[in-house]
Structure formats: structure tokens, C-alpha cells
Amino acid sequence: MTTPSSARAFDARHVQLARALFAALAATMITFSGDHSAALGLSVFSGFALATGLVFGLSAWLVSPAGQRVTPVLLAVVSVLAGLVASVTTWRTTGLFFGVVVAWALLSGLVELIGAVRDRKAGRTAGVRDGVLIGIVTLVLGAALLLPFQQYALDYSIAGAGSFTLTGITIAVGLFGGYAAVVAVFLAIAGFSPRRPEPVPAASPEEAAS
């Protein structure tokens, strides 16, 4: 029998750390790859989105109490759908990278931000600051990728190294990698910060009887 003072076995801390882990993996893969093509970007994004969607889905079931599951469920759906689209290897073009990442960033950022604002108005504090900041940063990523540099190309040369071309997709993949790094650092700090255990809500008489 659980009581209101019982600590959760899984709480917001575990969600933050899981999200930080997958964001850190995405940032690392992009940072240490010399290939910032659409294929590489979509491959990394696909894994990141699917893993993050799984975290949100599990959090809706294990962490969020009844009546507060809309936000994680919506985030799970948006992330999993975006990850599935990006996972189709024959679709991995520059246009798809911009389309799917922009759509995911704007939708998930808006959902996370609105969910955090609603929680704050309802007097809930767990994860509110994270939701506001990550929601805003994700929206900024989507807005940045809307800038008209999809066809951008700049030829340059480095003495002793040769000639290179800086393209729009190279910048875009780098932006996603930078976003993932920011999310990983912030959520890791939040996840490791000291806090009181979250209480488990008391079961209603109907739930107790069942």
C-alpha cells in the first residue's frame, strides 16, 4: 500500500538524466564526425528522436500522475513520428532534414513550453523550469533552421589542407549538434541537482478498491 509520503521509484530526475544521455550521444556523434551531410544528420536525429520519444512515453506511464499525461504523450508521439520519418534511408535528403527537424522542433518546443506554463499556473513545480527553457531552445532551433540558407554554399581554402565548401546542410547539422549539447548539459545539471523526493499521489477510494 502506497502513501502520499512514499517516494517515487522513478521521477522527473530519471527523465531528465535519460534525455540528457541521448542528447549527449547525439551531440558527440555530430561533433566528432567529419561528415555533416543530410544522411548523417538524419541518422543521428532519428536515433535521438526515437530514444527521446521512448523516454517521454515511459514517463507518461511511470512518472506523470493521471490528468498530467497529455504533454509527455504528445511529445512522445511527435518525437517517434519524426524519428521514424528520418529513419528511412532512401528519404535522407537535405530537404527532408530541414523539413522533419524544423517540424519536430516547432511542434515539440511548443508542446513542451505550453505544458510547462500550464503546470506553473496549476501550482506544480517539478520540471517546470526545464520545460520552459528546453521548449524555448527547441523553438529557437526550429526558427534558426527556417532561415534561407538551405542552398547556401561557400567555397574556401586552407593553406596546406586544400579547398572546401561550407554548405547550408553542414551548418544545419552543426546547429542540431549544438542544440543537443545545450540540452544535454542543462538536463544533466538539473538531473544531478539535489531535491526532495517527489511524493506519490494518494490513491482515490475507487482506485484503492480496485
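A contact is a pair of heavy atoms within 4.5 Å. The legends below concern a predicted model, in which local features need pLDDT of at least 70 and side-chain atom pairs count only at pLDDT 80 or more, while totals for chains, interfaces and linings use all residues. Residues are numbered from 1 along each chain as its sequence is written, and side-chain values use heavy atoms, with hydrogens and water left out.

**Figure 1. Overall fold of the protein chain.** The protein chain contains seven helices and two strands, where helices (H or I, at least four residues) and strands (E, at least two) are DSSP runs numbered from the N terminus. Along the sequence the pattern reads α-α-α-α-α-β-β-α-α. Among contacts in the protein chain with a separation of 6 or more, 74% come from residues 24 or more positions apart. Of its 210 residues, 38% count as buried (under 20% relative accessible area, with exposed over 50% and partly exposed in between; 1.4 Å probe, protein chains only).

**Figure 2. The ring pairs of Phe176.** Seven aromatic pairs occur in the structure; rings of Phe, Tyr and Trp (its six-membered ring) pair if their centres lie within 6.5 Å, and planes under 30 degrees apart count as stacked, over 60 as edge-to-face and the rest as tilted. Phe45 and Phe176 pair edge-to-face, at 5.6 Å centre to centre with 75° between the planes. Because Phe45 belongs to helix H2 (residues 38-62) and Phe176 to helix H6 (residues 168-192), this pair ties together parts that are 131 residues apart in sequence. Both Phe45 and Phe176 are buried. Phe48 and Phe176 also form an edge-to-face pair, with 5.6 Å centre to centre and 75° between the planes. Here Phe48 in helix H2 and Phe176 in helix H6 are 128 residues apart. Phe48 is likewise buried.

**Figure 3. The aromatic cluster.** Ring pairs join Phe45, Phe48, Trp104, Phe176 and Tyr179 into a cluster.

Figure 4. The structure holds one cavity of 30 Å³ or more; on a 1 Å grid over the protein atoms alone, a cavity is a set of points where a 1.4 Å probe fits but cannot get out, and lining residues have an atom within 4 Å of a point. At least two lining residues come from each of H2, helix H3 (70-86), helix H4 (94-121) and H6.

Note on methods: On a 1 Å grid over the protein atoms alone, a cavity is a set of points where a 1.4 Å probe fits but cannot get out, and a pocket is an open set with protein on both sides within 12 Å along at least five of seven lines; lining residues have an atom within 4 Å of a point. Grid points are joined across faces, edges and corners, and a volume is the space filled by probe spheres set on the points.
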